[in-house]
Amino acid sequence: MKDQQILDNAPKGATHVDTEGRWHKLTFNHKGFMLLNNDGYWDYCNPCTDLRSLADIKRIVELEKELKTPSKQGLLEVL
């Protein structure tokens, strides 16, 4: 899935996605991560694959859009 597709398909409450496309939610208690199960409920889990932060993906998408948009002078702005 491309980054924009990940953001578009993220369920409410998700904070991370794993390399297999499963949604995770980081909770700030002693239990840590939760996984969205097939029934649409969040279950506690111990992720065994790499996770990507949805906040990071959102920022990457924003920066990619800025790079594709020329500035008023006709040049790309360097961040």
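**Notes on strand pairing and cysteines**

1. Lys25 stands opposite Met34, a residue of strand β3. Please keep in mind while reading that this is a predicted model.

2. Strand β2 covers residues 23–26 and strand β3 covers residues 33–36; the two pair in the antiparallel sense, with three bridges between them.

3. On to the next pairing: β3 also pairs with strand β4, residues 42–44, again in the antiparallel sense and over three bridges. Here Leu35 has Asp43 in β4 as its bridge partner.

4. Now the cysteines. How many disulfides does a search of the whole structure find? The count is zero. For Cys45, the closest cysteine sulfur belongs to Cys48, and the distance of 8.3 Å is too far for a bond. The cut-off for a disulfide is a pair of cysteine sulfur atoms within 2.5 Å, so the 8.3 Å between the sulfur of Cys48 and that of Cys45 rules this pair out.

5. Finally, are these cysteines buried or exposed? Cys45 is partly exposed, its relative accessible area being 23%. Cys48 is exposed, with a relative accessible area of 71%.

Technical notes
Residues are numbered from 1 along each chain as its sequence is written. This is a predicted model: local features need pLDDT of at least 70, side-chain atom pairs count only at pLDDT 80 or more; totals for chains, interfaces and linings use all residues. Side-chain values use heavy atoms; hydrogens and water are left out. Buried means under 20% relative accessible area, exposed over 50%, partly exposed in between (1.4 Å probe, protein chains only). Two strands pair if DSSP finds at least two bridges between them. Helices (H or I, at least four residues) and strands (E, at least two) are DSSP runs, numbered from the N terminus.
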